[in-house]
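Please keep the sequence and the structure in view while reading.

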Amino acid sequence: MLSVVVPILNEAETILGLLHQLRNASSSVQQEVILVDGGSEDGTTVLVQNYLKNNPELDIRLLRSQRGRARQMNLGARVAKFPILYFLHADSTLPSAFEQLIVSAWEAGKRAGCFRMRFDKSHPVLGFSQWFTRFNHPMFRGEISPYL
């Protein structure tokens, strides 16, 4: 039901943490994880391949793409087998029961959205961006236009 798409590029420091969170998701929502690598040179893909060997029961695919977040996300979206797409950064921390929250929103008729953001680093621009994600407005939260 849920396809999680993660564009990756040199994410050796964070990718295993994200995969661990996804593996330990406690929901009964069927999900797949699509990792789209844009040419990592830091061992990210080796870490992912080893993770997949040790966790063969997980529905995780590693794809290769040209570098570029949009290209990578588009490739992931094209090969996704489920109708609900959740795009993540590799250094994301997932909210509890994120899958159920997404599916519930989908079933309620929502077709786009996002969770509130919080950044680990203290920077004025990040703080400004983080603060605005509390408002449920298309400019800040990614609602689909009714004209599409």
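Strand β1 (residues 2-8) and β4 run parallel and are joined by four bridges; two strands are said to pair if DSSP finds at least two bridges between them. Helices (H or I, at least four residues) and strands (E, at least two) are DSSP runs, numbered from the N terminus. This is a predicted model, in which local features need pLDDT of at least 70 and side-chain atom pairs count only at pLDDT 80 or more, while totals for chains, interfaces and linings use all residues. Residues are numbered from 1 along each chain as its sequence is written, and side-chain values use heavy atoms, with hydrogens and water left out.

The pair belongs to an open sheet of four strands, which has the order β3-β2-β1-β4 and parallel pairing. Its edge strands, each pairing on one side only, are β3 (60-64) and β4 (84-87). On average, and with direction ignored, neighbouring strands of this sheet are turned by 25° against each other; axes are lines fitted to C-alpha atoms, for helices over the stretch in contact, and angles run from 0 to 180 degrees between N-to-C directions.

Two helices can now be placed against these strands. Helix α1 (residues 15-23) packs on the sheet and touches β1, β2 (31-37) and β3, its direction making about 165° with that of β2, where contact means heavy atoms within 4.5 Å. Helix α3 (residues 69-79) also packs on the sheet, touching β1, β2, β3 and β4, and its direction makes about 155° with that of β1.

Which residues have the most contacts inside the largest nonpolar core? This core has 23 residues, and those with the most contacts inside it are Leu 2, Val 4, Val 6, Leu 35 and Tyr 86. A nonpolar core is a set of buried Ala, Val, Leu, Ile, Met, Phe, Trp, Tyr and Cys residues joined through side-chain atoms within 4.5 Å; buried means under 20% relative accessible area, exposed over 50%, and partly exposed in between, with a 1.4 Å probe and protein chains only. Leaving aside neighbours within four places in sequence, the residues in contact with Leu 35 include Val 6, Ile 8, Leu 19, Val 48 and Arg 61. A second, separate core of six residues includes Ile 34, Val 36, Leu 63 and Leu 75.

Charged side chains also meet in this model, and the count comes to two salt bridges, each being a side-chain nitrogen of Lys or Arg within 4 Å of a carboxyl oxygen of Asp or Glu. One is formed by Glu 32 and Arg 61, at 2.6 Å from N to O; because Glu 32 lies in strand β2 and Arg 61 in strand β3, the pair ties together parts that are 29 residues apart in sequence. Glu 32 is buried, with a relative accessible area of 0%, whereas Arg 61 is partly exposed at 29%. The other salt bridge links Asp 59 with Lys 81, whose closest N and O atoms are 2.7 Å apart. Asp 59 lies in the loop between α2 and β3 and Lys 81 in the loop between α3 and β4, so this pair ties together parts that are 22 residues apart in sequence.
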